[in-house]
Amino acid sequence: MVMKVAVLGSGPGALAVAADMSCHGRATTLADFDDFRSNLEPVAANGAVTVTNDWHGPEPHPETHPVTVATGIPEAIHDADLIVIVVPCSAHDRWVDAIAPQITADQTVLFLGEGSGAIVARRAIPPPTVIAEANTLPYLARPTGPGSVTAFRKLGGVLIATLPATPADTAHTTELIADVWPYATATDTVWNTVLANYNAIDHVAAMIANAGTLQNHTGGMLLWGEGATPAAVNVIETVDNELLALRQALNSKEPRRYQDFLVAQGLAPDLGPGATLFDTVRASKLSKPMVSYAPTGDAGPDTRYVTEDVPYALVLASSLGEATGVPTPVVDGLVDSASSMLGRDFRAEGRTLATLGLDGLDTTGLIGFARTGVFP
């Protein structure tokens, strides 16, 4: 029987996921809200997504994979075995509200991108529906034109957690995607997928440390390259240390650091035990002139890599620090600096344990929640 997959979202990540699912024999349907439907019109017109990739050899080349565009969200998720939600964290609540009344007990919902979507979903969708999330997209994906993207697979560093963290649910989820992303590996709880957030570790630190360059550099500024100075990398490493301390406090069995994950993803070579994070960053693929995060000289730090990752990742990390007693001074400083620079209150806007319905839990309670999925 052909597996049916609904991919919700219309950004480059969603298009890449839909193309890859189709490439692996799934009957794949895309859907988005009406206000984003124009993003899917080229796919609907062509009946396919065009993706330039390295899926079948070392030389990237374009491939076209058949994908259906649903007339609406109910049509997309009806009878879908797997529902993959590939949207920014700020859209999690909207999507959960839209799908919760229609989800059935035998379906699996997987959030791809950055973590905590599973927590939002579990509030509204009870077991036995399986709810899972990843800490990152399985690719480096970028738009190249209407209905077309590039998608280069990572080699590892893609963590999958279910809520609750039961072996049966985790095995079921990884089985559904094992042939598509064999490098996606199960991790012990959602606190790993929440806190092993690569954008929150590197993007925010690099952007804030290079804010002046961002605002004065015409044509955009590379995240790495000129932005990866020793000082900026020191901030990245300190953020990583704080998030690792939080993972350890929450009983994580995942020991890897950001430097290890860079190598695991295939984004940097393994330079040996004596290599510093700066060495690894400068040797990484991201140090090449491949991605501009500020398309115009006046974009500055007002990009989604700050406006998304600060309120939905670092604010949540700060909230976890308060609950567990783990100090997060640099994370807190980046939140406050970003708020000051952009004239916004990211703490008020952001995702916290309180907004997730987990207020009042201490370390033991947070560990128990991840294991059981039961809200206080």
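The reply below treats serine 339 and then the protein around it.

Author: This is a predicted model, in which local features need pLDDT of at least 70 and side-chain atom pairs count only at pLDDT 80 or more, while totals for chains, interfaces and linings use all residues. Residues are numbered from 1 along each chain as its sequence is written, and side-chain values use heavy atoms, with hydrogens and water left out.

Serine 339 sits in helix α15, which covers residues 329–342; helices are DSSP runs of H or I with at least four residues, strands are E runs of at least two, and both are numbered from the N terminus. With a relative accessible area of 10%, serine 339 is buried (under 20% relative accessible area, 1.4 Å probe, protein chains only). Its side chain lies 2.9 Å from the backbone oxygen of valine 335. Leaving aside residues up to four places away in sequence, serine 339 touches Arg344, Asp345 and Phe346, where contact means heavy atoms within 4.5 Å.

As for the whole, the protein has 17 helices and 12 strands. Its radius of gyration is 20 Å, close to the 21 Å from the globule rule for 376 residues, so the protein is as compact as a globular protein of that length; the radius is taken over C-alpha atoms, and the rule is 2.2 Å times the number of residues to the power 0.38. The C-alpha trace spans about 55 × 50 × 40 Å along its principal axes. Of the 376 residues, 57% count as buried. Among contacts with a separation of 6 or more, 68% come from residues 24 or more positions apart.

Notes: Buried means under 20% relative accessible area, exposed over 50%, partly exposed in between (1.4 Å probe, protein chains only). A polar contact is a pair of N or O atoms within 3.5 Å; within protein, one must be able to donate a hydrogen and the other to accept it, and residues adjacent in sequence count only if both atoms are side-chain atoms.
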